[in-house]
Each structure stands twice: as C-alpha cells, then as structure tokens.
Amino acid sequence: MAVLVEIQNLEGYFDTIGGDVRAINSVNVAIEEGKVTGLVGETGSGKTMTALNIPRLMPENFRYVSGRVLFRGEDVLSWSEERMQLFRGDGVGIAFQDPKAALNPVFTVGEQLGRALRTHTDATKDEARQAALRILERVQITDPGRTIRQYAHELSGGMAQRVMVALAVIHPPTLLILDEPTTGLDVTVQAEIISMLRDLVESMGLTVLLITHDLGVVGELCDNVAVMYAGRTMEFGDISQVFEKPANPYTRELLRSTESVEGGVGDLYSIPGAPPDLRNLPQGCFFQDRCPSVADVCRTVPPVVEVEPGHVSMCHFAERYHSMPGPLHITRGAEAEGGQE
Amino acid sequence: MDSGLSRQLFTRLLLVAPVVFGVVTLTFLVARVFAPDPVALYIPPQADEELRHKIRVELGLDKSIPEQYGVFLADLAQGDLGESTITGRPVTSDLWDRLPATVELAVVSLTFAIVIGVPLGVLAGARRDGPLDFSVRGITLIGMALPSFWLGLVLILIFFVILGWLPGPVGRLPLGAVAPEKITGLYTLDSLIRGDLTLWWESVRHLILPGLTLGVVIVAPITRVARASMVEVMRSEYIRTPKALGIRKQVIYFRYALKNALLPIVTMIGTIVGFVFTGAVLVEAVFNWPGMGKYGLDAILKSDFTALQGFVVVASVTYIVAFFLVDIVYMLIDPRTR
C-alpha cells in the first residue's frame, strides 16, 4: 500500500514565558492510504500536536526544530499559506476533540455543513442542504431535517460528535483526522460512535489518523498504531505486531494497564510514576524513570530499531522486548501466581 | 418570530416600566428639592413677598412636595413636561422641534463610526499584533484622548477658515436661509421631498463637519471594543474549525467570528446611541447645532428647571429604549439567549 502521509523526525517546542515546552521530540509516523492509523498515548504525550502539523494548525508559539511532514512525498511545511488553505478541508480534514466547543455557537448545524461543502465545490445552497441531510444520515443521526436547524448547545454529546464528523467528511478529505472521537461520551454512546465510524470509513474508503488514549478504541478501529510518550513515537507497527509482540517497555506497560481494566479482576494496574516534565526532559530515554528494565545505557538517546518489517521501536532493548512472550501471557501468568509479577 | 422570543421581549418590556418610573421620580426630586428657587428667575430680587407668593401659586410650588409630585406624574402621563421658563413654550414642543436636528447628526455620525469602526476593529483583532493592529490601537487611543470641541474647532479652521470648502458653525443652514416646510423636520429629507436641490445641498454641507466631528469622537470606542472582542473570539476552538475546513479568511472574520464578537459591540453602540441623542452637548455647542443636547445645556445655563427636568426624562428614556433595542439584537444574534 502507498504511504499517504509520512512524518519524519519531527521535533518542535512551544515558546512560552515559563521556558520552552518540548511537546514534540522525534515523531515518526507513516499513514498508509486506505488504512486507519492510531496515535495512542497518555494525555500530554503530543498526539494532537503531532496531528495538527498535517493541516499546519499549530498554535502561534510553536517552533520547529527539525523534521518533515510529507503528503504524497511533498513537505507541507514548505507550502505557502494560500496552498495550505486549499489543502485544508480537501487534503486533510479534522473532527476535533470536544465537538461542542468546536462548533460555532451562533450558526446552525446546516449553515456550517453547507459552508464546508461549498468551500470546496460549486454546490448551490440547495444542493449543499441536500448533501448536509445525506451526510447527517450517514453519521446515523435519526432526524437530519431537525438537526440541520439546531445549534450546538441543543445537541447531546453523541449528536455533537456525529455532527463534527459530518462536518469533516461532507467534502471527503484525502486524510481524515479523528481526535479523541469517543472521549467524554457514555459507554453505550461510545460503542455506537465506534460502529458508525467503522461503517463510514469502510463505505467512504477513507484514510484515517485516529487519536485516542484508549487502546480499546485502537483495537476496534485501527490497522496500524503509533504509541506516543512525551512527544516521541516509542513504537510503530500494525496492530497485531504491536499488540501481540510489543518491542517497547512503554507499550507493554500500557497494554498491561488496559488489560487490567478490561479483565475486571484484581486491582487496577497503573504504570508507576508520572510522565516527565516537558520543560525539563531527562537525557536519553524519556521513559527511564518508570521503566521496569532501566539500565545505564538508557541515559543515551535510544535508537529507532526495526524489529521486523514495518515494526519499529525506540528502545535500546527493542529486540529483547520483541522476543519476549506477549503481554497477555505476562498478566495471565501473574494472576495465576497471585497477582504479582 | 418564535414564541420564546416574544415571551422574552414581553418580560423585558415589563422590566422597562419600573426603570422609567424610577428615573422620572429621581429627576423630579433632583429638580424640586435640590435646585435653586425658580421663582427668583421671574422677578427682580427686590420684589415683595406678595408677588413672590403669587408666582409660587402660579407655578404650583405652594403645594407640598408629594402633591407636586402627583401633579407632575399626572401631567407626564399626558405627555406634558411643563412649560419652559425661558421660551415660554411647552418643553415637549421644544424638544420635539429639536429632535430632527439631533436625528440628522446622530444618523450621520453613527453611520460613519459603524461603517469605519467595526471593519477596522474586526481586522485589527483578527490579526492581532500585526501592522494594522498597531496603527488602530495608536490612532484610537489618540481619538479617545482628543476633546470633541477642540477637534470641532480644528476641523472648522481647516475646512472653513483655510480651505473654505465647507460652511462655518452657523447651524443647519446658511444664515438667512429659510428652512423647508416641515414634513419630517429632517432638512436633508424635506428639501428633497420639496424638490429644492439647492437647499438640500446646503443642508448636507452643513451636516458634514458636525457629523464628522461627532463621528470621530465615537468611532474610537467602537473600534476598540470590536478589536478586543474579536481577539477573544479568534482564540476559540470554533474558529479553528472553519480554518481546518479551508474556509476563506474573510468569511471566518466577518461571518463566523464577527457574529460571536457582536454582543459587546452592540452594547457599546447602544450606549453611544444614547450619548449622541442627548449627550453630544459640546459638538452641538461648537457648531451652533440646535439639537437636544444643546437644549439641555441651555436649560442648565439659564436655570430653566422645567426644561432641564424634561430634558433629563427624555434623555433617560432614550437610554432605556436604546438598551431595550440592544437586548432585542442580543436575542436575534445569540440563540442561547432565546
């Protein structure tokens, strides 16, 4: 499959009064055409900031250090603002996190949908209205004729999320970014949204970059996954590779904490410690303070190791982790031995 | 109009009544209790007590304050604001005659200020810290600091004294010119209706300098409020969304952002409408413009307490009406307030 977007060695920081906040430190992600790529990590790991580089919507105080964002081989970071404006909404679209805040409070859903379509096509107002009704139906809104006349504050959380997705795909972009599409919703609504997204992506043949902190959502929707920590992609590969044979201690710990939630037995496992301060990052590996197998070599920046074709990990011990039994075995084994490792 | 909107309007109208009542009462108290004895205006200081008493009775001042208040309210309810001591005419007719002059000045200055101030503020706020923003901030700061009468005098000096392009401060028409027969009282309109183009042109020329002066005075606060409000709105997530959709900047600024930024701007314009109708005293004085503000000023200078009282009532009601209109505009703009 062809690679649509490739983010290479991206590095940048926020210039703030309190010093530099190093939000993005070495990000490497390849988004394959026609596939769903997950970007997973804890809050503050730089997922959204990474994605916002593609449409170049970074806050004004963001400064690049290095890296390229290739869209079909061309670096979007070098494009003019005029070209970017044509690219946004057409080459790349985003369904933002917190849709209620992302929808304009004083315009109806229909007006916003219509404008999104007419920006990129020659559709008349009436055609845009028809298209808005159709797209609302596709995101499984029960009464599109009613929703089209509503304002953001009149929508439920699930409805607002559906409208947000509709807004991003009424003119289908080559790449769709979904930022935390299930966060803040009831569990039942989450399940509905996931199934709606799966149908939509399949029927429209979309290429998707999905941002989430929920590994469960990754498992449901993604083909590939990039695991992020403190602005670095720690591991990248297809989900069977990453989930079954993780080659990075952070991925392992993340999978372990998720399993303990989903398994519903025993104490909830959470990774000890907290992510490093982005103003004051440690030398070498950023996970060193929380890593179960930290060694002296971890004070130096870890290499990006390709443990198998298409499966890379940023760790000094990538090969060793990759050859270990999968995390499923670890936790199940641990349970049998009395709940400890 | 949907039912929610009309219900809200009705509630607000109900609230207007007590406010008007309070203002009227306060005006009465200030004029009767704290103002100097009006009788002194009618008679020489050496007049005897008998004459003094006669005039008191004539003016109704021999009655107790509550009684006077009752009479005042009863008159007011019939639209009677009393008679001016100086002009000897009903205050209502005086004010009514002056309203068209004020309306002409208000329309010209407000149009100027809104047409210039809102787009300028929007662009400055949308591109914060850009070159336009710096200029706008600097110029409006100077604009706010300039005294209006001084600005008026400078404009007269330039356009009348030096260049001779526009008439001097002689009011609404050249000295000796006869006003068009009253239809609306707006000379610019009445002269057109009568088909007198020469008179129309004169009335327009006389309106330019006072309109511009007052316009410059009020454009600064409108621009600054528009800018500040836009800066706030441009930071919102709902502005990032249309950017991400590739929607044109002009549409984002003047449609998606401006409608959200409009509430403080409309509030400011409401305040300014009240101001130009009744508070443009200095500009009216400089240009000898026979408007309502000048009437109020003359009433103060000549201790014409009935006229002053009438002026204050009308001024307050103007503000109340302006804010009521602002409330209506709010509801039309923001669906969350309906």
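Me: What radius of gyration does chain A have, and how do you know whether that agrees with a compact globule?

Reply: First, a caveat: this is a predicted model. Chain A has a radius of gyration of 21 Å. The rule is 2.2 Å times the number of residues to the power 0.38. The C-alpha atoms of chain A fill a box of roughly 65 × 45 × 40 Å along the principal axes.

Me: What box do the C-alpha atoms of chain B fill?

Reply: Roughly 85 × 55 × 40 Å, again along the principal axes.

Me: Into which domains is chain A divided?

Reply: Domain 1 covers 3-244 and domain 2 covers 248-341. Their centres, taken over C-alpha atoms, are 28 Å apart.

Me: How many residues of domain 1 of chain A are in contact with domain 2 of chain A, and what makes a contact?

Reply: The test is C-beta atoms, placed from the backbone, within 7 Å. By that test, 26 residues of domain 1 of chain A are in contact with 22 residues of domain 2 of chain A. On the domain 1 side, the elements giving two or more residues are β2 (19-32), α9 (215-221), β9 (224-229), β10 (232-238) and α10 (239-244) of chain A. The largest share, seven residues, comes from β10(A). By class, that side has ten nonpolar, nine polar and seven charged residues.

Me: Why is α7(A) called roughly parallel to α8(A)?

Reply: Helix α7 (residues 157-169) and helix α8 (residues 187-204) of chain A pack at about 15 degrees, with axes 10 Å apart. Angles under 35 degrees count as roughly parallel. The angle falls under that cut-off, so α7(A) is roughly parallel to α8(A). Their crossing is right-handed.

Me: Which residues meet there?

Reply: From α7(A): Gly157(A), Gly158(A), Gln161(A), Arg162(A) and Val169(A). From α8(A): Val189(A), Glu192(A), Ile193(A), Met196(A) and Met204(A). They divide into five nonpolar, three polar and two charged. Gly counts as polar under the rule used.

Me: At what angle do α9(B) and α10(B) cross, and with what hand?

Reply: Helix α9 (residues 237-244) and helix α10 (residues 249-278) of chain B cross at roughly 145 degrees. Their axes come within 11 Å. The crossing is right-handed. Ile239(B), Pro242(B) and Lys243(B) of α9(B) make the contact with Ile252(B), Tyr256(B) and Ala257(B) of α10(B). Five of these residues are nonpolar, none is polar and one is charged.

Me: How many residues does each chain bring to the contact between chain A and chain B?

Reply: Chain A gives 24 residues and chain B gives 16. On the chain A side, α2 (81-87), β6 (92-95), α3 (99-102) and α4 (109-120) each supply at least two. α4(A) gives the most, with four residues.

Me: What is the make-up of the side of chain A that touches chain B, by class?

Reply: It has 13 nonpolar, seven polar and four charged residues.

Conventions
Residues numbered from 1 in each chain as written. Chains lettered and ligands numbered in written order. Predicted model: local features only at pLDDT ≥ 70, side-chain atom pairs only at ≥ 80, totals over all residues. Domains from an automatic or database assignment. Contact = placed C-beta atoms within 7 Å. Axes fitted to C-alpha atoms, helices over the stretch in contact; angles between N-to-C directions. Parallel < 35°, antiparallel > 145°, perpendicular 65-115°, else oblique. Left-handed = near helix turned anticlockwise from the far one by under 90°.
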